[in-house]
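Hi everyone, thanks for coming.

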Amino acid sequence: MVKEEIIIDKAGIREDLLGWHIKEVTDLAAAYDQAFQTVRELLHDKNPLVRANALQVIKELIKKNSLGQEKVSVVLDDVIELVNDKNERVSLKALEVLNLLLDVGGISEEAYEKITDALMEIVKRGAPILSEYASEGLGKTGAKVLRIARKLIEWLFSLIRSSEDRQVQSAAITALTEMAYRTDDKKVFNEIFDRMTDLVDSTDPYIQERALLSIERMLARAEMLTPKNRMKALQKVKEVKGNVLLASKASTILEKLEKLAGTEKELTESGVRKMLEISDYGPEDVEKLLNAGKTEIVAELAKVDPVVMSMIIDMLSSDDPTRRMDALWVVSRSTSSLTPSDAYSVLPVLGEFLKSHNPWARQTAAETMAEIYSLYPGTARFFTSLLDVLLKSGRGEDVEGALELIHALRRRMPTPEFNGAIMAILIELLQRKEAREVTLKFLAREAQELINMDYEALTALKEALRGVYGDEGGKYDNLIAAIIDVVDDLLKLKSQGS
């Protein structure tokens, strides 16, 4: 960085940040100390856009390796302060900077401690989105600093036990999973795996599902597992295989554990890859494998290799429709391996798949998004916004995509409150002629799910169906009558049971 004195126009740099001229300001800050100091001052500007874009400049400087340890230590306190900014966009950008610093490494022990303390506060607070990005950072710090790992493991598991906040529980599990996935310390890995396996016995279905998703991600590092922990996991997962909500995920994990449980010896990374039939492949083989229709192998590669996962995420936006469908299939089979950053990046693309004319694409995207919601509940606001747009659309495919997503989400959180919200949406859609056919077909297809609705909701649905009977020249009367018959049977069943 140039030490010579030059005239730096603070007002001009501020205007550049307001105008999104990030590259120009980054180049200036990389070349001149005074420009860097000006950017640092603008981290505290009254305008949140200036603060956010000043943080982006710091992020770009880190990427360019233009900040030495001295300057990192100088700006670190400013960034940590902005983690708690009132503007969510600013605080999220500050978390991105901290996570990047943890990726790049080369920071002092004191810096790791400061960052860890800041991230712990965010996770404990349970702020949607922010806590998920913070949990990713905690996973990185625990993986790099053994002393911090020991402190975090106990604290995070105590959070899972003591908190009733789903966001807090989710962030704690994510942090532990990321730590295990990234660590090179077998003791750390096996302690997390062992205690996560114990959570499969939880009386809370949400904790059970998250524990299974965590175990699945950790199995990407199966060479770290002790034979004792492999056998323990095999037994625990077998015990929940009969659970309807967990059966699919449990079966997937069991298949992998059974392949790995054939030996009492310690496994190696190459040995694990051989057992999973991916030992002969790497990122350079992805295109060839997809062209040969071997998507299963690519999905397994994506689980163990972040480079492959990144390639697949990029393919979701490919100009080649066949490649996009391949990528969707792979992501749907490796969702548990998505980090918070990955998950938030793919959600908008998956939302576009919900609008597809292809029923398989809509359903697969919906199920994948529902699993992402299970992993990261902070995505709820994205889903609310997306559903609002789709349901208000005049296109039948958009409404159909919204209903697919609602159905997939309901299966993962079959609460009375969510069922009531779904029923209100369905009744409203029945009143709209452009959405009526899609809604009736959805009700007919998912008629067996109506048994989960309470008496009042079913009564309201029956009245709504009767209200549109005969409309449009009786175009849908046969379908409406068939659904009403099902509702009547369920009402009788519920009245007898009460």
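Let me start with a term: a nonpolar core is a set of buried Ala, Val, Leu, Ile, Met, Phe, Trp, Tyr and Cys residues joined through side-chain atoms within 4.5 Å. Buried, here, means under 20% relative accessible area, with a 1.4 Å probe and protein chains only. Before we go on, this is a predicted model: local features need pLDDT of at least 70, side-chain atom pairs count only at pLDDT 80 or more, and totals for chains, interfaces and linings use all residues. Residues are numbered from 1 along each chain as its sequence is written, and side-chain values use heavy atoms, leaving out hydrogens and water.

Okay, the cores. The largest one has 98 residues, and Leu17, Ile58, Leu98, Leu138, Leu156 and Met196 have the most contacts inside it. There's a second, separate core of 77 residues, with Val346, Leu403, Val438 and Met453 among them.

Now the overall picture. We've got 27 helices and zero strands; these are DSSP runs, numbered from the N terminus, with helices being H or I of at least four residues and strands E of at least two. Of the 498 residues, 55% are buried. The C-alpha trace spans about 85 × 60 × 50 Å along its principal axes.

Let's zoom in on helix α2, residues 22-31. Which of its residues are buried? They are Ile22, Val25, Thr26 and Ala29. Looking down the axis of α2, these fall within an arc of 100 degrees, so they line one face of the helix; that arc is taken from the directions from the helix axis to the C-beta atoms. Their cover includes α1, α3 and α4, where contact means heavy atoms within 4.5 Å.

Next up is threonine 177, in helix α10, residues 166-182. Its relative accessibility is 5%, so threonine 177 counts as buried. Its side chain makes a polar contact with the side chain of serine 214, at 2.7 Å. A polar contact is a pair of N or O atoms within 3.5 Å; within protein, one must be able to donate a hydrogen and the other to accept it, and residues adjacent in sequence count only if both atoms are side-chain atoms.

Last stop: helix α21, residues 359-375. Twelve of its 17 residues are buried, so α21 is largely enclosed by the rest of the structure.

Technical notes. Buried means under 20% relative accessible area, exposed over 50%, partly exposed in between (1.4 Å probe, protein chains only). The expected span of a helix is 1.5 Å times one less than its number of residues.
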